[in-house]
Amino acid sequence: MKIRGRLIIVLLVVVICGVFLYPTVKWYGFVPQETKDLVTGSKLQIREYALGQATKDLRDLKALVSSQPQEKLPASYKFLVPIAKKNYKASNTKTPSSWSVESVMRGFSSEKHLFDSIEGYYREQLLSLKTLSGKVLQLGLDLRGGMSILLEADVEAYEEKTGSRPSSSELTSLVLDDIAILNERIDQFGVTEPDIRLQGNDQILIEIPGAADPERVNSFLRGKGSLTFQIVDQELTSQLLTYFEEHPGEVFTDSGQMIQPDFLPAGRVATAHYVNDAYGLDELEGYVVIHQEIGLDGIHISNAVVGQNPITGQPTVNFALDSTGGEIFYKLTSTHTGELMAVVQDGRVKAMATITEPIRNNVQITGFGQDEAQNLSVVLKTAALPIELIVVSQQAIGASLGEDAVRSGLIAIIVGLALVFIFMIVIYKGSGLFADIALLFNLVILLSVLSAFNLTLTLTSIAGLVLTVGMAVDANVIILERIKEELAVGKSAAASVKAGFGKAFWTIMDANVTTIIAALVLSQLGSGSIKGFANTLAVGIVSSMFNALFVVKLMYDISLSGKNPQLSISWRRK
Amino acid sequence: MAKKTYAITKYRFVALAVSILLLVGGVVGFFVHDGFNLSIDFQSGFSQRVQIAPQAVEFSYDGSDTLTLNLTGSTLSFVTRDSSGSHYQEFTSSEYPTVGSLVDAINKSVNGVKATALDKEVRTSDLVAGFGLPLTLTSEKATLNSTQSAHTPFITIDEIRDALPQHAQVQIVGEPYKQTFQIRLSNDDNLSEGELSEMVHSALSDSFGSGSIVVLQSDFVGPKYSSTLISGSILIVIVAIALILLYIWFRFKLAYALASIITLVHDTLVLVGFIVVFQLEASTTTIAAILTIIGYTLNNVIVIFDRVRENKPLLKGYDLRSLLDTSVSQSFTRTLYSSLTTVFAILPLALLATGAIQLFAIEMAFGIVVGAYSANFLAPALLLWITKEKGPSKVVRTPKVEVAPEVVTEAEPVEQEGGTDAQADVGIPTIERKLKGKRQQKK
């Protein structure tokens, strides 16, 4: 291949690495700490923040428009201009030439509309950052502190309870239900958002970055989700909706809590109705006034499944109540036939249904999409985990320990790298420099591949990184020794380089493939921390081969293509 | 540039003796120490790193917003979430070097927070972040502890041992004055993580005061996990070795594959012996070290065998011994340099890191040295023996090394590593090779 073609390939690799590394650089370099804290928090916090900010901005804007409507719009509200412009166009009104506070406000049909736009802006901003944070090279828990807990389904306890042993696929679906429930509880968790995922077919791995507090985690695992059925007061609900329509700024307090308007009598509460949404969790659907008195507590639910209406094909949620629950529910439904009943979870209305007839034991709720029905059945079952979990292993690392690990790891990499650099230049002079450049490039490729595949950087992968540094030069040493031999025979520089690379090729291949085999076996069969090490090592070996056989070769070809080619390979020869 | 040919194979019996000695050493160590020093990875249990650190600052908060306190590095940060969204304030140790100045600044600028320094002279950079951070402050007092200075008298490891239950193992981590200890408990009574951690905490609190125990790290491994891990680890090693054997068999001949596998089993056992003799804690990272060494040793052996294979058609007049000698000598500089660079890279980690990673680095460094030895001495000797047994008729036994009288340009002295007397000057066979990178596949 021509030099130019190969140069293009190398440049392409550089560009690809840049693309992969961009989110990481942006996240660690340009996002302020305070935003990072907010973004890594739970989605609930983000929502509260967005609602709070929007409430505040709306208030400020209203104050501004009444005091100085002709003033130029302050820079912090500039994001409203494009939305206002679009609205002007949509209503076929002439777009104003300059954007004063008033002209921007006129771009919104109602206060509610303005509020939603502002909230949407904050939400989008944070959620896109949250997406970004998912794409960056993450530090493992051992480096930034945090907890990881491996849980396993307690099959024995389940067998005792139900009398039958779950099959492996049943077990997985039970564990998946557990995960869904734990995810529902995330919001209660607080500052940082845990990552919960299935491992194998009956284990759950929970990782909580930042906070290493076993106490809090235990309460999270035990759960305190409450589920109730409460009757809806439809008359007051419509009154409430009209009121909020007129006063959109007075729905939430600044911290995102709902305001209870004065006209509500005692025993009635205004609650927000949520469905799953743009935050990936509950979105505000509307507002409902419900009876404060609890119609039926969720502890009486013994089972809930998603079914299908045999005639309409609509998904239904069927749940069974225990005998006490059946009594209470029968009484409730017979006195309130024809009214709306709300399913309330943790103070939020999650679903509503009309009571058509008195019901005793088996309740069927219709009127959902498939996903909603699935969610509701999970909600209904949240009161208890379908299969109990036992802690298999638990690790918690305080933040300072992690920082020490990062610091010493970084120093070790830098010192090791420096030693290898100096060694190569001392032994191979100019060629050593080529190898060193390749080594640096190797690290860049390694980091970008790690971030592209969303692998986390753990303490063990730092070890893998260090090892890769040492082993990456090996391919270069093999080639350089070969070139030296060829030179010793009296060949020209260019011919020696060509022969050296040619002869070293299969040696390097064979030698590296065996190490890759070891690394791949480790990454497939090893446990968490070992995986990190093996992945780093495998990626490192492949990229070091690419560097030694392709990039360094190119460097030689370019440096030897001039009129007076010089090959610098040792301090001893000229 | 001519390279010296070392009569490596002459030392094959020495190599055998050394290897046997190393292996026997490992076996003796195993019995003397009554087995491995297994980490809780392999032996269900509980391991906690705690620091005895005096309390340094107290915080309380009486405002109506949500306020979280965090300590990262030596920077203290407060996040207030209120009507204006979130508000972030930070206090660095470079700005406020002592806790006294830090506390004054916090009281002045963070609304609603009351900070009290218990010892004003404590350096801010000595504050320790244990469990429980980030912390939501309330009217109840929360404290931060600090590493004590090097001059104050400190609690010794024996005092810690006395405070804890009989079967607890205690190690010092880092400088003694920092009072950081790794505590390990086996879990014989099948207790939960909470119970074990409570047991350690109350035992230490009773002796050293409840406020001054900072937990830095805590690991718990249930019995089920460790049993699957042991079988898993053995499986990993066997699968890896089998796959590698297949690959070498495919690329070389079976004799080469056998010699490589015996060499790597030898290296693995010597490394395991090293771990047993020095009672290094065996954990999952040990498995990683062993497998890396397997890969690494093979790397060396293959480079040498590859040279043997390449030289075979070129050095027709050579018997197997001199062929091996020549090939090993030709690869010698490479083996030396490659091992050196890897040791260079791994050594800082062995010196600077702590815990499992430090052990990993030490094991790696040792393994690389052993690997360099076995690739140069043991593997060629093994290949010689195996090939001889398979077909003694093919080998022409000529004790004297033949000299290939090729172009010998300026001689470059190569560092002489042992056996100087046994060298014979042999030019590198420089017959214009017709293979040009193509390798002979196994026949």
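Trainee: How many helices and strands are there in chain A?

Mentor: Chain A has 17 helices and 15 strands. Keep in mind that this is a predicted model.

Trainee: How do you know what confidence chain A carries?

Mentor: From pLDDT, the predictor's confidence in each residue, from 0 to 100. Chain A averages 79, and 84% of its residues score at least 70. Within chain A, helix α1 (residues 3–30) is highest, at a mean of 88. Helix α13 (residues 370–381) of chain A is lowest, at 63.

Trainee: And which elements of chain B have the highest and the lowest mean pLDDT?

Mentor: Helix α6 (residues 254–277) of chain B has the highest, 89. Strand β16 (residues 423–425) of chain B has the lowest, 43. The mean for chain B is 77. Over residues 391–443 of chain B, pLDDT stays under 50. The predictor gives the complex an ipTM of 0.70 and a pTM of 0.68.

Trainee: Why is A:Ile359 called partly exposed?

Mentor: Count its neighbours. A:Ile359 has 18 other C-beta atoms within 10 Å. Buried needs 20 or more, and exposed needs 12 or fewer. The count of 18 lies in between, so A:Ile359 is partly exposed.

Trainee: Where is A:Ile359 found?

Mentor: In the loop between β12 (348–354) and β13 (362–365) of chain A. Beyond four places in sequence, A:Ile359 is in contact with A:Phe329, A:Tyr330 and A:Thr333. A:Ser334 is 25 residues away in sequence, yet the C-alpha to C-alpha distance is 7.6 Å.

Trainee: Why is α7(B) described as largely enclosed?

Mentor: Of its 31 residues, 27 are buried, so α7(B) is largely enclosed by the rest of the structure.

Trainee: What does helix α7 of chain B span, and what is expected?

Mentor: Helix α7 (residues 284–314) of chain B reaches 46 Å from its first C-alpha to its last. The expected figure is 45 Å at 1.5 Å a residue. The two values are close.

Trainee: What is the strand order in the open sheet?

Mentor: The order of its eight strands is β3(A)-β4(A)-β2(A)-β14(A)-β14(B)-β3(B)-β13(B)-β12(B), with antiparallel pairing.

Trainee: What makes β3 of chain A and β12 of chain B edge strands?

Mentor: Each has a single partner strand, so one side of each is left without a neighbour in the sheet. From one strand to the next, the twist averages 20°.

Trainee: How do you know that β14(A) and β14(B) pair?

Mentor: Pairing needs at least two bridges. β14(A) and β14(B) have five, in the antiparallel sense. One bridge joins A:Ala396 to B:Ser218 in β14(B). β3(A) and β4(A) also run antiparallel, joined by five bridges. There, A:Leu198 stands opposite A:Ile204.

Trainee: Which helix of chain B lies across β14 of chain A?

Mentor: Helix α4 (residues 193–208) of chain B. This helix also lies across β3, β13 and β14 of chain B, running at about 150° to β14(B).

Trainee: How many residues does each chain bring to the contact?

Mentor: Chain A brings 80 and chain B brings 84. On the chain A side, 43 are nonpolar, 23 polar and 14 charged.

Notes. Residues are numbered from 1 along each chain as its sequence is written. Chains are lettered from A and ligands numbered from 1 in the order in which they are written. This is a predicted model: local features need pLDDT of at least 70, side-chain atom pairs count only at pLDDT 80 or more; totals for chains, interfaces and linings use all residues. Helices (H or I, at least four residues) and strands (E, at least two) are DSSP runs, numbered from the N terminus. Two residues are in contact if their C-beta atoms, placed from the backbone, lie within 7 Å. The expected span of a helix is 1.5 Å times one less than its number of residues. Axes are lines fitted to C-alpha atoms, for helices over the stretch in contact, and angles run from 0 to 180 degrees between N-to-C directions. Ala, Val, Leu, Ile, Met, Phe, Trp, Tyr, Cys and Pro count as nonpolar, Asp, Glu, Lys and Arg as charged, and the others, Gly among them, as polar.
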